[in-house]
2 protein chains.
Amino acid sequence: MPLNNDAAIRISAFSWLPPFAQGVARDIRVRWALEEAGLGYRTRLVDPRQPKPEDYLAEQPFGQVPSYCDPDGTMFESGAIVLHIASKCPTLLPEELQARKRATIWVFAALNTIEPAIFPLVELELSHAAASWAAERRPALRERAALRLAVLDKTLGDKEWLEDRFTAGDLMMVHVLRFLRPTGLLEGYPRLVAYKARGEARPAFKRALADHLSDLSAGAS
Amino acid sequence: MPLNNDAAIRISAFSWLPPFAQGVARDIRVRWALEEAGLGYRTRLVDPRQPKPEDYLAEQPFGQVPSYCDPDGTMFESGAIVLHIASKCPTLLPEELQARKRATIWVFAALNTIEPAIFPLVELELSHAAASWAAERRPALRERAALRLAVLDKTLGDKEWLEDRFTAGDLMMVHVLRFLRPTGLLEGYPRLVAYKARGEARPAFKRALADHLSDLSAGAS
């Protein structure tokens, strides 16, 4: 579904990002979910280098992206938005109750078990690699991240997706695994590398990523 | 609702915790939700000092607590479990659609915006306060946590709860704010201190905390 300036759904995204954040910012989660659901949307671009406009803070108090608006109201938090979109899209959230619960578990596991275990390491490598504290702290952060990835790898096993088919849980997990690029850690888990690649090969992901990058180019002018 | 060995719902909790984790472990979130919903439950106690039994890893692959079982199946991730319980309890999740969405937003904000911004600081103070890297890293971690708390404080304002009444979003946020104890940061925000105290004054929270501590005493024997 291409971006559509008349769409009823509007999300926010940053108009500029430093190179390391291009292609991984959290608006991609919501774009991807909307693409899987076949829902058109338009974007409100926000410049992260400027103070956030008051009317933006009214819809996203923390000033992050994405926010989400449709005729029913405004939302923030990519996890809540993706679950909301998923509730209208059986591709993302199966109708059978137990399968729905499993998909929801993986959304939270991505955001509250995997992301917190890897983000401090990602941040260290991106922004503090040469700081004197980094050399001291890096081994423990790598060990923690590796421990979680090893469990995820074992749980995925030789399956294509975390459960018996693609769900919102895979969408969120694949997005979170993309953060790992500056750490080189994922390469130790070939099954997770292939899993992430399967997610990124979905046409909906490709469109989401292309539109994310295209909005950044527009914002650069 | 007291613990009930015949209950259909079973959650897991640790049988032992170091002093700093007593009263803040994540099983409390689920106990609290069950108490708000008036649902009885029993506990499976897991010793974090021992290798996790295989049948426990089958229900919680990361070996964390809590897991949750009812006759419909097994779950993990406290966020997913609390939303599942909340879906059957209007006290936790209002029936009106927009109010439901707002409650869900705050569950995710607690877990994916506030918790990741405070946890590295909490961990530093609890486990690494004297490490040489801690002195160098502390100011930036305090600044990040304070930035998020300032927004939360402003968003709460003089309201009693984050929306117009208590929801699962407040349950999760109050639990996350409890992590801050070793940092002394919360005391800079008297409205957040009072908000946390309002949550902790709920009878359901008090029962959840008492049973969490009681399971730890039983495990100590």
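Author: Contact means heavy atoms within 4.5 Å. The model under discussion is predicted.

Reader: How do you know that the copies meet through the same surface?

Author: 100% of the interface residues of chain B are also interface residues in chain A, so the copies meet through the same surface. In this interface, 41 residues of chain B are in contact with 42 residues of chain A.

Reader: What makes the relation between chain B and chain A that of a two-fold axis?

Author: Chain B is superposed on chain A by a rotation of 180° with 0.0 Å of shift along the axis, and the RMSD is 0.0 Å. That is the relation of a two-fold axis. Among the residues of chain B, B:W133 comes closest to this axis, its C-alpha lying at 2.2 Å.

Reader: How much area do chain B and chain A bury between them?

Author: The size of an interface is often given as the accessible area lost when the parts come together. For chain B and chain A the value is about 3800 Å², with 57% of it on carbon and sulfur atoms.

Reader: Why is the pair B:R137 and A:E123 called a salt bridge?

Author: The term requires a side-chain nitrogen of Lys or Arg within 4 Å of a carboxyl oxygen of Asp or Glu. The closest N and O atoms of B:R137 and A:E123 are 3.3 Å apart, so the pair meets the cut-off. The rule finds four salt bridges across the interface of chain B and chain A. The elements of chain B that each give two or more residues to the side touching chain A are β4 (73–76), α3, α4 and α5 (132–156). The largest share, 15 residues, comes from α4(B). By class, this side of chain B has 16 nonpolar, twelve polar and 13 charged residues.

Reader: Why is B:P94 called buried?

Author: Buried means under 20% relative accessible area. B:P94 has 9%, and is therefore buried. B:P94 is found in the loop between α3 (78–86) and α4 (97–127) of chain B. Leaving aside neighbours within four places in sequence, B:P94 is in contact with B:A99, B:R100, B:A103, B:R165 and B:T167. B:P94 and B:W133 are 39 residues apart in sequence, and their C-alpha atoms are 46 Å apart in space.

Reader: What makes helix α6 of chain A mostly covered?

Author: Helix α6 of chain A spans residues 168–178, and eleven of its eleven residues are buried. Among them are A:A168, A:D170, A:H175 and A:R178.

Notes
Residues are numbered from 1 along each chain as its sequence is written. Chains are lettered from A and ligands numbered from 1 in the order in which they are written. This is a predicted model: local features need pLDDT of at least 70, side-chain atom pairs count only at pLDDT 80 or more; totals for chains, interfaces and linings use all residues. Side-chain values use heavy atoms; hydrogens and water are left out. Copies are superposed by least squares on the C-alpha atoms of residues with pLDDT of at least 70 in both. Buried means under 20% relative accessible area, exposed over 50%, partly exposed in between (1.4 Å probe, protein chains only). Helices (H or I, at least four residues) and strands (E, at least two) are DSSP runs, numbered from the N terminus. Buried area is the accessible area (1.4 Å probe) that two parts lose on being put together, summed over both. Ala, Val, Leu, Ile, Met, Phe, Trp, Tyr, Cys and Pro count as nonpolar, Asp, Glu, Lys and Arg as charged, and the others, Gly among them, as polar.
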